[in-house]
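Today I opened a new notebook page for this structure. I wanted to look up some helix packing and the salt bridges.

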Amino acid sequence: MTEQSESPTRDGVPGTQSTPSTPAARPDPDAAYLERRTLRRGSAGPLLLTGLGVAYVVSGDYSGWNAGLAEGGFGGLAVAAVLMGLMYTCMVFALAELSAILPTAGGGYGFARRALGPWGGFLTGTAILIEYVLAPAAIVCFIGDYIESLGLFGLESSWPVYLVCFALFIGVHLWGVGEALRFSLIVTAIAVAALLVFVLGALTEFHTSALNDIPVDHGAFGSGSWLPFGVLGIWAAFPFGMWFFLGVEGVPLAAEETRDPARTLPKAMAWSMGILLLLALLTFVTATGARGSAAIQDVGNPLVEALQPDGKATVLSRIVNYAGLAGLVASFFSLIFAGSRQLFALSRAGYLPRFLSLTSRRKAPYLGLLLPGALGFALAASSKDGATMLNIAVFGATISYALMSLSHIVLRKREPQLDRPYRTPGGVLTSSVALILALAALVATFLVDKQAALIALAVYAVAIAYFALYSRHHLVAAAPEEEFAALAKAEEELQS
């Protein structure tokens, strides 16, 4: 498989590289190519990155997870959430090591490129891209539902609301990454503070008898009051247990815009994961114990319902309702960021059309923001089916988790001599646990929404065909992820 370095013409379209008559005849074509594809360095520190990690996920505490009660009951979802929390914790530790080795905007795709070759890099990057394009489209539908339920300005959940959301928040990202991350941190802080207020309010109504009030399916293997749908219900609840953590793996995508990434990224990822584990535990237990698992298993705003035992709104329930909107905005906003950086990295390296990685004067990947945003808006406006789109995103996420965990194992075994400023506690054992649980979660997506999983597979197949027939023959050797892989190949040849 040949990796080619091609020079761009003035309009950004790659041409054939030629050798100048003298070294000073013209600038290095690779340097010129990358200059038009540069992000703003040093804009993010530990606090902003920790906020970004929590922002990716915080909307999952406000809604979505409760549907897992209908699949596994309180006990089934509890076990699923614990196992998915373990998977994410193990994976975050593995990614922290990998991001310290290769701190580029490629994130998981870059790690897989080094460990598993161009095909592994593309498959991982595409899976991540599916997650980060579909998730904002799903969340904007939920934002519309919240706005409608709150009666804000008499608006309904419809395409004008979706359009304003995409236009407004993409505009902030175009303004600059530092401004975008600061905005995200503020909104996330509001959402997290409201979660803590909710927990205190829900504890006043907490009853352990409310946890397992879902009727038991006596025909299910292993069923009982805590596992009303049996042992299989645990597995079916995996995707909903993921909603407490889905997206935190996107923190390394900000690597090129981070100060001292080798030290900052592992610290921010660990803090993000710790906060999310605590919020998941508090939210899940208090919400179900305040109102009952049966009452909140199929509602769109479980925290609000948990605070309204008689169906009447209270001051506290209204505060939590508005904060739920803030949480959705935080996740929507940060996932747009993640999708644009993944698209930017894949495009810069030639895996996707190269014009998608061009950056503006403010060093924002404007096409990487606008095109996924337009696609997300079109999907949301045409379907209004946030649940299906989020299930498609989950399917893509589980594929990427398995491949990223495998990448850590491969690099530990094949390149033990790599400089590792941060090392994963437990080494390959930790990433092996993440790999096994990710594969189990991938299979579980078929148990919950087979149609969504098949749609994701179809999209994946089209992307694979594009890579096989075209882009794998037009990779850019000067891209950071490709240079990193080329260095590994050269070192192997020297040692042989």
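This is a predicted model: local features need pLDDT of at least 70, side-chain atom pairs count only at pLDDT 80 or more; totals for chains, interfaces and linings use all residues.

H2 (residues 46–57) packs on H13 (residues 315–348) at about 110°, and their axes lie 7 Å apart. The range for roughly perpendicular is 65 to 115 degrees, so I noted H2 as roughly perpendicular to H13.

Then I listed who meets whom. On the H2 side I found Leu52, Ala55, Tyr56 and Val57, and on the H13 side Ala330, Ser331, Ser334, Leu335, Phe337 and Ala338. I sorted the residues of this contact into eight nonpolar, two polar and no charged.

On to the salt bridges, of which I found six in the structure. One of them joins Arg420 to Glu97, with the closest N and O atoms 2.9 Å apart. Arg420 sits in the loop between H15 (386–414) and H16 (428–448) and Glu97 in H4 (residues 69–101), so this pair ties together parts 323 residues apart in sequence. Both Arg420 and Glu97 are buried. I also noted that Arg412 joins Glu97 and Arg420 in a network of salt bridges.

I looked at Arg291 and Glu305 too, which form a salt bridge at 3.3 Å, N to O. Arg291 is in H10 (residues 261–291) and Glu305 in H12 (residues 302–306), 14 residues apart. Arg291 is partly exposed at 26% relative accessible area, and Glu305 is partly exposed at 22%.

My last entry is the salt bridge of Arg414 with Glu415, at 3.9 Å from N to O. Arg414 is partly exposed at 40% relative accessibility, whereas Glu415 is buried at 4%.

Note on methods:
Residues are numbered from 1 along each chain as its sequence is written. Side-chain values use heavy atoms; hydrogens and water are left out. Axes are lines fitted to C-alpha atoms, for helices over the stretch in contact, and angles run from 0 to 180 degrees between N-to-C directions. Helices (H or I, at least four residues) and strands (E, at least two) are DSSP runs, numbered from the N terminus. Angles under 35 degrees count as roughly parallel, over 145 as roughly antiparallel, 65 to 115 as roughly perpendicular and the rest as oblique. Contact means heavy atoms within 4.5 Å. Ala, Val, Leu, Ile, Met, Phe, Trp, Tyr, Cys and Pro count as nonpolar, Asp, Glu, Lys and Arg as charged, and the others, Gly among them, as polar. A salt bridge is a side-chain nitrogen of Lys or Arg within 4 Å of a carboxyl oxygen of Asp or Glu. Buried means under 20% relative accessible area, exposed over 50%, partly exposed in between (1.4 Å probe, protein chains only).
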